[in-house]
Amino acid sequence: MNFDSDYAMLINGQRATAAASFDVVNPANEQVIASAPDASPEDLDTAIAAARAAFPGWAATPIDERRKLIDQMGDVILANIDSLKRLLTKEQGKPHHEAEGEIIGAGYWLKGAAQLQLPVTVNEDSAERYSYTRHVPLGVVGAIAPWNFPMILAMFKIGPALLAGNTMVLKPSPFTPLTTLKMGELVAGILPPGVLNIVTGGDSLGPWMTAHPGFDKISFTGSTATGRRVMQSAAPTLKRVTLELGGNDAAIVMPDVDVEAMAQQLFWAAFTNNGQICIATKRMYIHEDIYDELRDALVAYGKTVKVGDGSEQGTQIGPLNNKPQYERVLGLIQDAKDKGYNFLMGGDAADVPGYFIPVTMLDNPPEDSRIVQEEQFGPVLPLIKFSDADQVVARANATKYGLGGSVWGKDEDKALEIAERIASGTVWVNETQHLSPMAAFGGMKQSGLGVEGGVEGLLEYTNTQTIVRKKVAA
Ligand code: NAD
């Protein structure tokens, strides 16, 4: 297969082109690298009709057979790591080693999700009746993915949705459609036609999907602002929604942390994928006893990190993925400059092609500053001093977001006690961003609705049905 051209949608098991196309840009040099099909409303109708037609057969396929096929999809992705990773770097910007990590994660996510079990609950087994509750597929799922982890976040949806017996139409972000399209081509022969369809398009395609009466559910990952629009648009037809949205994760670093041992890990908690992770550390609260030492260690390490084209050897941080995001992050930096906050490093974007922003850290900006209160989703981290545990928990929770968070310290009991007081869907102790297909992941407050992962995530792709049988002689 040629991974560098011929990008086509996947509809009813076949390659599908569209009358129009749109350009995809390499964020490291702003060059157009390819064009992708720009689906029309009719193309979307065709994809939904294919998914609808495939649904009864797929839902009736024994779950162990579905399991086997999803596992095989994982194997095919793992057999094409090198080509997929190069393509992912080209359209997303992340360095090759991170792109490789994402592709491997995508393959294993499918294989892991394929092992989940759908529970059946026996409610009553008495002389009079037998009652049980089971979980049946919803129908056709519309899946909408963002540009920061196009592959793995698509797998979060594909694995459990298909395992539960649903069919799907998946839409990647217009900034990163290419790797997903090639993945579709790779797995097309494994699944019955129409079970997984992939459509690409511009800004109208997402809203067409959420309003379309042909979907039974929308599974969306993206920003909180778009999540609100998705929910609104899904309401008229009462589509089920799962919304995985933005975050403003706090890391709380306790005074007993081993600064030397942990500084690099704390750095990457914020700067992996150029900070473009929903669960990146976006505010780092450091206890005053170690503030200066950790601040200096973070800056010293930050200065050694190589920012550049993700396809070049040695690059540790690539460009931002796209121009709007690049400009948004620069806007936040400019606001911090205008307010006179103290920059420890970074702050000025070099005048070179590509959406590059240097690693930027700020020294104790005010709690109510935009750089602390808003999700930056870029390589900008405010370091903030704290002295009191109760107060830092209150500050960590004083946000509309509730996605993730982390607590770092040698005293694990103390760290755990603080972790349990953070109002977020996931809180890590002495690590961060570890996710598993076996564990529920989702946001509290405006970070989302529902979860992905684990049995809880699988159940979100089902209707709950109770069967009650009266035990009487016929
Ligand atoms: P985005 O909301 O701009 O776009 C996400 C997807 O929605 C894209 O495919 C886009 O084309 C589509 N879309 C845009 N407008 C739409 C509309 N009105 N209706 C339907 N679909 C629409 O988000 P993004 O900028 O691609 O991603 C970054 C955001 O995603 C950040 O806020 C980040 O925190 C969040 N995110 C959350 C998670 C999570 O699991 N909670 C994971 C990754 C990213």
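Y130 is partly exposed in this predicted model, with a relative accessible area of 23%. A search of the whole structure turns up eight aromatic pairs. Among them is the pair of Y130 and Y132, which counts as tilted because the ring planes meet at 45 degrees, between the cut-offs of 30 and 60 degrees.

Y326 and Y355 form another tilted pair. Here the two residues are both buried. This pair links distant parts of the chain, 29 residues apart: Y326 belongs to helix α11 (residues 323-338), while Y355 lies in the loop between β14 (343-345) and β15 (360-363). Here are the two pairs side by side.

| Aromatic pair | Centre to centre | Angle between planes |
|---|---|---|
| Y130 and Y132 | 5.7 Å | 45 degrees |
| Y326 and Y355 | 5.6 Å | 45 degrees |

Elsewhere, ring pairs join F267, W268, F271 and Y301 into a cluster.

The charged end of K94 sits over the ring of F149, 3.6 Å from the ring centre. Likewise, the charged end of K217 sits over the ring of Y461, at 5.0 Å from its centre.

Now to helix α2, residues 63-78. With 16 residues at 1.5 Å each, α2 should span 22 Å, and the 23 Å between its end C-alpha atoms agrees with that. Its buried residues are R66, R67, L69, I70, M73, G74, I77 and L78. What do the buried residues of α2 pack against? Their partners are the helices α1 (41-60), α3 (81-92), α4 (96-113), α5 (150-163) and α6 (178-187), together with strand β9 (196-198).

Terms used
Residues numbered from 1 in each chain as written. Predicted model: local features only at pLDDT ≥ 70, side-chain atom pairs only at ≥ 80, totals over all residues. Heavy atoms only, no water. Helix = DSSP H or I, 4+ residues; strand = E, 2+ residues; numbered from the N terminus. Expected span 1.5 Å × (residues − 1). Buried < 20%, exposed > 50% of the residue type's maximum accessible area, 1.4 Å probe, protein only. Contact = heavy atoms within 4.5 Å. Phe/Tyr/Trp six-rings, centres within 6.5 Å; stacked < 30°, edge-to-face > 60°. Lys NZ or Arg CZ within 6 Å of the ring centre and 35° of its normal.
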